[in-house]
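Subject: Structure handover

Hello,

Here is the structure for your files. Please open it alongside this message.

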Amino acid sequence: MITKEIIEDNKEYLDRVALKAMVTYLERTPLKGFSDSMSVARICYKQALAMLEVRETTLVSLAEDALILRKKKD
């Protein structure tokens with residue numbers, strides 16, 4: 001689970017991910033006003049939070065599932 005501390009510690013990461021998501025969205029659909037901007041910003045930050053959640057909690061298990069995690073040497 002993501003905590004406020006994790007969010008604070010990862011603000012730069014969240015901003016970069018949200019910005020990339022926003023650029024991709026804006027390339028396809030222009031905004032029509034401030035309310036559209038707020039909606040897109042919320043969506044982009046939700047995407048960034050989802051990616052942070054995966055990064056913080058399930059990245060190791062995803063690597064294990066893909067059989068790409070190397071075992072530690074003894």
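Predicted model: local features only at pLDDT ≥ 70, side-chain atom pairs only at ≥ 80, totals over all residues.

Residues are numbered from 1 along each chain as its sequence is written, and side-chain values use heavy atoms, with hydrogens and water left out.

Overall fold

The chain has three helices and zero strands. Helices (H or I, at least four residues) and strands (E, at least two) are DSSP runs, numbered from the N terminus. The order from the N terminus is α-α-α. The radius of gyration is 16 Å, well over the 11 Å that the globule rule gives for 74 residues, so the chain is more spread out than a compact globule. That radius is taken over C-alpha atoms, and the rule is 2.2 Å times the number of residues to the power 0.38. Along the principal axes, the C-alpha atoms fill a box of roughly 60 × 30 × 15 Å.

Surface, contacts and charge

Of the 74 residues, 15% are buried. Buried means under 20% relative accessible area, exposed over 50%, and partly exposed in between (1.4 Å probe, protein chains only). The accessible surface is about 6,400 Å², and carbon and sulfur atoms hold 59% of that. Areas come from the Shrake-Rupley method with a 1.4 Å probe; for residues, only the protein chains shown count as cover.

Contact means heavy atoms within 4.5 Å. Among contacts with a separation of 6 or more, 68% join residues 24 or more positions apart.

There are 13 positive and 12 negative charges, and their mean positions are 3 Å apart. Lys and Arg count as positive, Asp and Glu as negative; His and the chain ends are not counted. Each charge is placed at NZ of Lys, CZ of Arg, CG of Asp or CD of Glu.

The core

The largest nonpolar core has nine residues: I6, Y13, L14, V17, A18, V40, C44, A48 and L52. Such a core is a set of buried Ala, Val, Leu, Ile, Met, Phe, Trp, Tyr and Cys residues joined through side-chain atoms within 4.5 Å. Helix 2 (11-28) and helix 3 (34-65) each supply at least two residues of this core.

Take L52 in helix 3. L52 is buried, at 0% relative accessibility. Leaving out residues up to four places away in sequence, L52 touches I2, I6, N10, Y13 and L14.

L14 has its own set of partners. Beyond neighbours within four places in sequence, L14 contacts I7, Y45, A48, L49 and L52.

N10 sits in the loop between helix 1 (4-9) and helix 2. N10 counts as buried at 12% relative accessibility. With neighbours within four places in sequence set aside, N10 contacts L52, R55 and E56.

R16 belongs to helix 2. R16 is partly exposed at 44%. Its C-alpha atom is 9.8 Å from that of Y45, 29 residues away along the chain.

A66 and L67 lie in the segment after helix 3. A66 is partly exposed at 46%. The C-alpha atoms of A66 and I43 are 29 Å apart, at 23 residues along the chain. L67 is exposed at 77%. L67 has a positive phi of about 60°, although it is not a glycine.

Best regards
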